Amino acid sequence: MKKLIIGNWKMNGNIDLLENFVNAEGMDDVVISLPNILIGAVPHGFSGFKIGAQDCSVYSGYGAHTGEVSAEMLKELGVSHVILGHSERRSAGESKEQVLQKLKNVVNNNMIAILCVDENYESLLDNETVDFITKYSDNVFLAYEPLSAIGTGVVPTVDEISDVASNIKAKYGDIRVLYGGSVKSSNSSEILSIQNIDGVLIGGSSLKLEELKKINYNA
Ligand code: PGA
């Protein structure tokens, strides 16, 4: 099965960059998680890359929650994948309880949740979260992103990545596991060839179209 390639633009990108990606060929299987304002700028009926989001509200539906964007609103704009619990959000104060509520909102709207965990995944995945992700494993991927690898260029060895993925699968059932942290075209084929890794979550390199195409080619 082809492995999942998902980009995370974080708080980057503008209309010009979006336009380049919208016009690119051969990106149909790649997910690009855009800032919400750029999700709204994707042309109506667009069918190139898959549209991802980087977060959603703990609130569901519509209503009086100034500044919030619900899973329903993302779904309506064609979003298929939502990153949740990224370490940059958790370190800014997002709690496990909030992440679990968001996870429920995403899955209830038939989207795929990309639930980020770092090397402390056992403490981030409390019993309630584990029950939920094992029940809805078709709609949830775990993204293993060691803190030391995010944005640093320092990537664990293939054996280290593979061992963590095996431990996660042994502990939480046959959940799909992505690796994230400093993935680029020069290391992606090695990482994507790890048997128990089901894809990659890419930050910085996902802003470079040619780089992302090369990574996708290796998947
Ligand atoms: P990076 O970011 O690829 O720039 O290291 C990964 C991430 O934070 O998801």
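Tutor: For sorting residues, Ala, Val, Leu, Ile, Met, Phe, Trp, Tyr, Cys and Pro count as nonpolar, Asp, Glu, Lys and Arg as charged, and the others, Gly among them, as polar. This is a predicted model, where local features need pLDDT of at least 70 and side-chain atom pairs count only at pLDDT 80 or more, while totals for chains, interfaces and linings use all residues. Residues are numbered from 1 along each chain as its sequence is written, and side-chain values use heavy atoms, with hydrogens and water left out.

Student: Okay, what classes of residue make up the lining of the largest cavity?
Tutor: That lining divides into 5 nonpolar, 1 polar and 2 charged residues. Among them are Arg90, Lys96, Leu115 and Thr129. A cavity here is a set of points, on a 1 Å grid over the protein atoms alone, where a 1.4 Å probe fits but cannot get out; a pocket is an open set with protein on both sides within 12 Å along at least five of seven lines, and lining residues have an atom within 4 Å of a point.

Student: Which helix gives the most to that lining?
Tutor: α5, with 3 residues. Helices (H or I, at least four residues) and strands (E, at least two) are DSSP runs, numbered from the N terminus.

Student: And what volume does the largest cavity have?
Tutor: About 40 Å³. A volume is the space filled by probe spheres set on the grid points, which are joined across faces, edges and corners.

Student: What about the largest pocket, how much space lies in it?
Tutor: About 430 Å³. It is lined by 21 residues, and Asn36, Gln54, Asp55, Cys56 and Arg89 lie nearest its centre. By class, the lining has 8 nonpolar, 7 polar and 6 charged residues. Both α4 (87-90) and α5 (96-108) supply at least two residues each.

Student: Switching topic: how many residues surround the ligand?
Tutor: There are 13, and the closest are Lys10, His86, Glu145, Gly151 and Ser182. By class, the shell has 4 nonpolar, 7 polar and 2 charged residues.

Student: Which polar side-chain atoms lie 2.7 Å from a ligand oxygen?
Tutor: One belongs to Lys10 and another to Glu145. A polar contact is a pair of N or O atoms within 3.5 Å; within protein, one must be able to donate a hydrogen and the other to accept it, and residues adjacent in sequence count only if both atoms are side-chain atoms. A polar backbone atom of Gly203 is also 2.8 Å from an oxygen atom of the ligand. Taken alone the ligand exposes 280 Å², and the protein buries 94% of that. Those areas come from the Shrake-Rupley method with a 1.4 Å probe; for residues, only the protein chains shown count as cover.

Student: Back to Lys10, where is its place?
Tutor: Lys10 is in the loop between β1 (4-8) and α1 (15-22). Its phi is positive, about 50°, although Lys10 is not a glycine. Most residues other than glycine have a negative phi.

Student: Is Ser205 buried or exposed?
Tutor: Ser205 is buried, because its relative accessible area is 9%. The cut-offs are under 20% for buried, over 50% for exposed, and partly exposed in between (1.4 Å probe, protein chains only). A polar side-chain atom of Ser205 lies 3.0 Å from the backbone oxygen of Val183.

Note on methods
A residue is near a molecule or strand if one of its heavy atoms lies within 4 Å of it.
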